[in-house]
Amino acid sequence: MLPARLLGRKATVRATRSVLRIDCIASFSNMLPPLSDAFPDLIRSKFSSAVESGSLIFTPSTEADIPADDLTFRVRIAPILSQKPVLRRDDDATGKPKFNPFLNPEPDLFLCDFGDRYSLILNKFSIVPYHFLCITKEFEPQRAPLSEIDLSATWECLQANIQGGSRLLAFYNCGEFSGASQEHKHIQFIPVPQDLKLLPDAALAYGVPISKDAIGQFPTSHPDVPFAHFVLPIPRNPSTEDLVMRFSSLLARTLTALREHGQRSISFNFAMTKDWMFLAPRGQESYEGISVNATGMVGLLLAKSEEQLDFIKSTGPLEVTAKVGLPRITGDEQQHDY
Ligand code: AMP
């Protein structure tokens, strides 16, 4: 039985080995409107003014590509990452963090409200221009998975055409070992070069097995990647139901992997583009001082120094990510029993 808190208070989940039924997704009324056409101009001008005023600390980085089988891991080297806060364990009795930068976002970083529930803000410590966050207006825990309306918001944000020659990558670091540093729910977005092939792009190139369930496809994984991860393509113009069914299917497998490997806490990474959705369960936050979040699990690793880059090169990016992920479940990977 999947804990109801994983899918919101009203969720009741019943499942058999092959069928996942989620009663809380019976209605799909929570769709968000598209972002304004003016959003790309807004983010570009706000980014420039926030950098100029000093409210946004933009630190340029260098990058190196490391091949691994038919994949390429792009490693960004940014010494400022040494100053990145870690997830703090100083919550008060209500479970809320004592200092929460997202409760009253800095005006210089604020982009716009998004529906009644979200605000869009610029990332204060950016190494990629136009890195923005979709945060809930009220506190919601980052340890909860994405809800129907979160997925709708993510989809609408992904439509923004911020920078020519790039596409947006959405990511969500959920749980203690996911690489998250803030407890307040935030989905992040960065532009990535259009022609950069990420792990899910490479996995989908092998094709997606057909199933008879509501989605019509089984999640797939890249055959040469040693850590558990699950990918599904997104159809053109998906409904919110299409997104929720995919997320549920990927989450079921992720939870199965966490349970099979005896994990006590639920940690996973989510990533999404207009083309696919990806989930990977996590067993630890870092390996040899190299912190990995969702971007690393899809092929965009971060290094704090040239030494860390050398370590990733000599160890191999797939080995590093395998250490922070969980081993693939052997046997029938299509089986899941949540
Ligand atoms: P994560 O570390 O994955 O939980 O993501 C948290 C994000 O919030 C990071 O990208 C931080 O750089 C960013 N961040 C931290 N403090 C602030 C702030 N005051 N305003 C906006 N973004 C912030």
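A residue counts here as buried under 20% relative accessible area, as exposed over 50%, and as partly exposed in between (1.4 Å probe, protein chains only). What you're looking at is a predicted model, where local features need pLDDT of at least 70, side-chain atom pairs count only at pLDDT 80 or more, and totals for chains, interfaces and linings use all residues. Residues are numbered from 1 along each chain as its sequence is written, and side-chain values use heavy atoms, with hydrogens and water left out.

Let's start with the rings. Two rings of Phe, Tyr or Trp (its six-membered ring) make a pair if their centres lie within 6.5 Å; planes under 30 degrees apart are called stacked, over 60 edge-to-face, and the rest tilted. Searching the whole structure on those terms turns up 6 aromatic pairs. In one of them, F39 and F132, the ring centres are 5.3 Å apart and the planes sit at 65°, so this pair is edge-to-face. The two partners come from distant parts of the chain, 93 residues apart: F39 belongs to helix α1 (residues 39–53) and F132 to strand β9 (residues 132–136). As for those labels, helices (H or I, at least four residues) and strands (E, at least two) are DSSP runs numbered from the N terminus.

F132 also pairs with F189, and this time the arrangement is stacked, with 4.8 Å from centre to centre and 10° between the planes. F189 sits in strand β11 (residues 186–193) and F132 in strand β9, so the pair ties together parts that are 57 residues apart in sequence.

Now for the charges. A salt bridge means a side-chain nitrogen of Lys or Arg within 4 Å of a carboxyl oxygen of Asp or Glu, and the structure holds 12 of them. Take E63 and R76, whose side chains meet at 3.0 Å, N to O. E63 lies in strand β4 and R76 in strand β5, so this bridge ties together parts 13 residues apart in sequence. Both ends are partly exposed: E63 has 41% relative accessibility and R76 has 24%.

D65 and R74 form another bridge, at 2.8 Å from N to O. Here D65 is partly exposed at 41%, whereas R74 is buried at 18%. All told, E63, D65, R74 and R76 are linked in a network of salt bridges.

What links R143 to E183? A salt bridge does, with the closest N and O atoms 3.0 Å apart. R143 is in the loop between β9 and α2 (148–158) and E183 in the loop between β10 (166–174) and β11, so the bridge ties together parts 40 residues apart in sequence. R143 is partly exposed, at 33%, while E183 is buried, at 6%.

Finally, have a look at D69, which is in the loop between β4 (62–68) and β5 (71–77). At 56% relative accessibility, D69 is exposed.
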